Amino acid sequence: MESSSPSSSSYSLSSFYKSAKLLLAVSIAFLIAFRAHRKKSLSVSGAFAGFFVMALHIFVGSRFGVMLLAFFFTSSKLTKKGQDKKRKLDPEFKEGGQRNWVQVLANSGIASVLVVAIWALTEGKDKCLDSKDSAVITSLIGGVIGHYSCCNGDTWSSELGILSDEQPRLITTFKPVKKGTNGGVTKAGLLAAAAAGSVIGISFVLLGFMTTKCGSDIALKQLLVIPIATLAGVVGSVIDSLLGATLQFTGFCSVRNKIVGKPGPTVKRISGVNILDNNAVNLVSILLTTILTSIACLYIF
């Protein structure tokens, strides 16, 4: 009677662990996507896209999953805050802040590519940010941190800034503009962006302490993710505002008596040119913040 070799037992155990991890990721992603659709946070297409994105992030690494979920849950909650006021001011207002597949991928597509690359390089093992161990993995993880710090920062800034009593100012001229104007910023909005980035950083660090193994000096250095993510939230929001003020059209419609995002015969231009829509602005600002944070983490860690 032949006994199984230690290597085959180890392989079987590893396969079982990966299967269980995949099942858990799929189950969590399905429950969240289903609930989000019922709560009108996601459309049908958004729920399908969100399911695959969430399952991927959670399967590759719990830290990536928790950053995505921190962004999704906090942003969805804030999007539903003050909807009556936002309906009058926001030209792209949707009931419940319902996101479709385009918006889901605009806010998670780049990070999804990065986590696949991380999975291929780490074989699913959680790694600390440590350039001496692996510069490539450190820069990729840093990119994901910057990605969701930007997403969360921009959303918190927009959703809370528009509800503020403060008069927004166009970021390129600092002149007062109407609420809902692309590129309009407020102090409250920038503070919200910083807070949103810090939430992403704290989520990454806290879970990382439980799931990663590295030397005490390297582990302690991971705390620097929090101020980096905080700064990335602000930088992402500023980049988004600069793009919105220059490459995204904003006008005031005299018939509808509200801010609109497209030119027309009854629309008076306030700022920007009609080159990028809101999804494109988000995508570009996320890409730039991802690159900047990736480089920063490469040098800091």
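How many helices and strands are there in the protein? The protein has 11 helices and 5 strands, taken as DSSP runs (H or I, at least four residues, for helices; E, at least two, for strands) and numbered from the N terminus. The model is predicted, so local features need pLDDT of at least 70 and side-chain atom pairs count only at pLDDT 80 or more, while totals for chains, interfaces and linings use all residues. Residues are numbered from 1 along each chain as its sequence is written, and side-chain values use heavy atoms, leaving out hydrogens and water.

Of the 301 residues, 49% count as buried, that is, under 20% relative accessible area with a 1.4 Å probe and protein chains only. Among contacts (heavy atoms within 4.5 Å) between residues at least 6 apart in sequence, 72% join residues at least 24 apart.

The largest nonpolar core holds 46 residues, of which Phe64, Met67, Ile141, Val144, Ile145, Tyr148 and Phe204 touch the most other members. Such a core is a set of buried Ala, Val, Leu, Ile, Met, Phe, Trp, Tyr and Cys residues joined through side-chain atoms within 4.5 Å. Helices that each supply at least two residues of this core include H1 (6-38), H3 (62-79) and H7 (135-161); the largest share, 9 residues, comes from H2. Beyond its neighbours within four places in sequence, Phe64 is in contact with His57, Val115, Ile118, Ile141 and Val144.

Phe209 is partly exposed, with a relative accessible area of 42%, where partly exposed means between the buried limit and the exposed one, over 50%.
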